[in-house]
Amino acid sequence: ELVNDNVNGPRQRFHRRDDAFEVLSDQEFIKIFRLNKELTRHLINIVAPHMRQQTRISALSVTTKQPEPNTPEFRFNTAFKRARSTIERCNGLLKSRFRCLLKHRVLHYSPTTAAKIVNA
């Protein structure tokens with residue numbers, strides 16, 4: 001998220017991930033956060049001991065995302081991706097041919113009848 005407002009002078013880009021204490025002047029800091037830097041540091045010091053460290057349970061390390069080439073895990077993932085891609089394409093073809101299979105449409109026939117139409 002960008003903030004383009006600058007108190008005086010040319011417009012500057014301030015990214016929220018930047019350290020506002022170092023990047024912004026006192027006037028810019030007050031305009032954006034409506035507090036001066038000293039009061040903000042004081043409030044952070046009061047609140048910090050009561051805050052928990054943010055953790056993401058679902059976060060994966062880079063090493064677990066991509067296994068090394070020519071390992072059994074890499075070969076399995078490659079074969080799995082190919083098979084899944086083929087199955088998804090087949091499902092797409094069936095759904096485009098037989099509209100009664102579409103998820104967003106109302107099923108006009110009972111599941112048994114729909115299966116008979118596809119198998120015919």
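The side chains of lysine 37 and aspartate 26 meet in a salt bridge, at 3.7 Å from N to O. A salt bridge here is a side-chain nitrogen of Lys or Arg within 4 Å of a carboxyl oxygen of Asp or Glu. The pair links distant parts of the chain, with lysine 37 in helix 3 and aspartate 26 in helix 2, eleven residues apart. Helices are DSSP runs of H or I with at least four residues, numbered from the N terminus. A search of the whole structure finds one salt bridge. Side chains of opposite charge can pair when their charged atoms come close. Lysine 37 counts as buried at 13% relative accessibility, whereas aspartate 26 counts as exposed at 51%. Buried means under 20% relative accessible area, exposed means over 50%, and partly exposed lies in between (1.4 Å probe, protein chains only).

This is a predicted model, in which local features need pLDDT of at least 70 and side-chain atom pairs count only at pLDDT 80 or more, while totals for chains, interfaces and linings use all residues. Residues are numbered from 1 along each chain as its sequence is written, and side-chain values use heavy atoms, leaving out hydrogens and water. The mean pLDDT of the protein is 76, and 68% of its residues reach 70 or more; pLDDT is the predictor's confidence in each residue, from 0 to 100. Over residues 1-7 pLDDT stays under 50, and the model has 23 contacts beyond four places in sequence for this stretch. A contact means heavy atoms within 4.5 Å. Where pLDDT is low, the predicted coordinates should not be read in detail.

Helix 2 covers residues 26-33, and its buried residues are Glu28, Phe29 and Ile32. They cover an arc of only 100° around the axis, which puts them on the same side of helix 2. The arc is that of the directions from the helix axis to the C-beta atoms. On the face turned away from this buried side, helix 2 carries the exposed residues Asp26 and Gln27.

The structure holds three aromatic pairs, and two of them are set out below.

| Pair | Type | Centre to centre | Angle between planes |
|---|---|---|---|
| Phenylalanine 21 and phenylalanine 29 | tilted | 5.2 Å | 35° |
| Phenylalanine 76 and phenylalanine 80 | stacked | 5.9 Å | 25° |

Rings of Phe, Tyr and Trp (its six-membered ring) pair if their centres lie within 6.5 Å; planes under 30 degrees apart count as stacked, over 60 as edge-to-face and the rest as tilted. Phenylalanine 29 is buried, at 2% relative accessibility. Ring pairs link Phe21, Phe29 and Phe33 into a cluster. Phenylalanine 76 and phenylalanine 80 are four residues apart in helix 5 (residues 72-97), so about one helical turn separates them. Phenylalanine 76 is exposed, with a relative accessible area of 54%, and phenylalanine 80 is partly exposed, with 47%.

Most residues other than glycine have a negative phi. Arginine 34 is found in the loop between helix 2 and helix 3 (37-47) and is exposed, with a relative accessible area of 70%. Asparagine 70 has a positive phi of about 65° and is found in the loop between helix 4 (62-65) and helix 5. At 65% relative accessibility, asparagine 70 counts as exposed.

Definitions and conventions: Helices (H or I, at least four residues) and strands (E, at least two) are DSSP runs, numbered from the N terminus.
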